[in-house]
Amino acid sequence: MQKKKHLVKYGRSIVGDTYYAMKNGPVPSFIYDALKFARGDGTPNSLFEDIANAISIRSNYTFVAIEKADLDELSKSDIECLDKSIEENRDIEYTALTKKSHDAAWKAADNNDAIDTLNIAKAGGADKEMLKYIEESRDCNNIVFA
């Protein structure tokens, strides 16, 4: 949900991951794959090893950071939206959080398929100017120079 708020307010996501419409809500693909690797049931990747070494596995779905966060890697707006999301969602029960995450963007995607970034922004209430900015930014990021 932090992606949606940050995307709507600042025109970019915090982690730059692709979110997929999974049964219980949107899931960031790279992060999900890294956590699966950390618990021993994912595909090896050199980046995943660093993540696996930085977390402790409490249960199949509970992971705890071993190290303090390096906040220098985050912008002020990243921290602002993460803090707000934690505050808004920390006490919500799993079923209520699942229901909250099943917004119009999640519903518009096929099960286990990528959720369109513009749909995420629309579901978060982005205005026409922000949607245009996000679309143009996405198009610029897809340019390939030969």
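A salt bridge is taken here as a side-chain nitrogen of Lys or Arg within 4 Å of a carboxyl oxygen of Asp or Glu. The model is predicted, so that local features need pLDDT of at least 70 and side-chain atom pairs count only at pLDDT 80 or more, whereas totals for chains, interfaces and linings use all residues. Residues are numbered from 1 along each chain as its sequence is written, and side-chain values use heavy atoms, with hydrogens and water left out.

The structure contains eight salt bridges. In one of these, Asp 103 pairs with Lys 4, with 2.6 Å between the closest N and O atoms. Because Asp 103 lies in the loop between α5 (94–101) and α6 (104–108) and Lys 4 in helix α1 (residues 2–10), the pair ties together parts 99 residues apart in sequence.

Arg 138 is partly exposed at 27% relative accessibility, as is Asp 116 at 31%.

Helices are DSSP runs (H or I, at least four residues), numbered from the N terminus. The buried residues of α8 are Met 130, Leu 131 and Ile 134. Viewed down the helix axis, these fall within an arc of 100° and therefore line one face of α8, the arc being that of the directions from the axis to the C-beta atoms.

Notes:
Buried means under 20% relative accessible area, exposed over 50%, partly exposed in between (1.4 Å probe, protein chains only). Helices (H or I, at least four residues) and strands (E, at least two) are DSSP runs, numbered from the N terminus.
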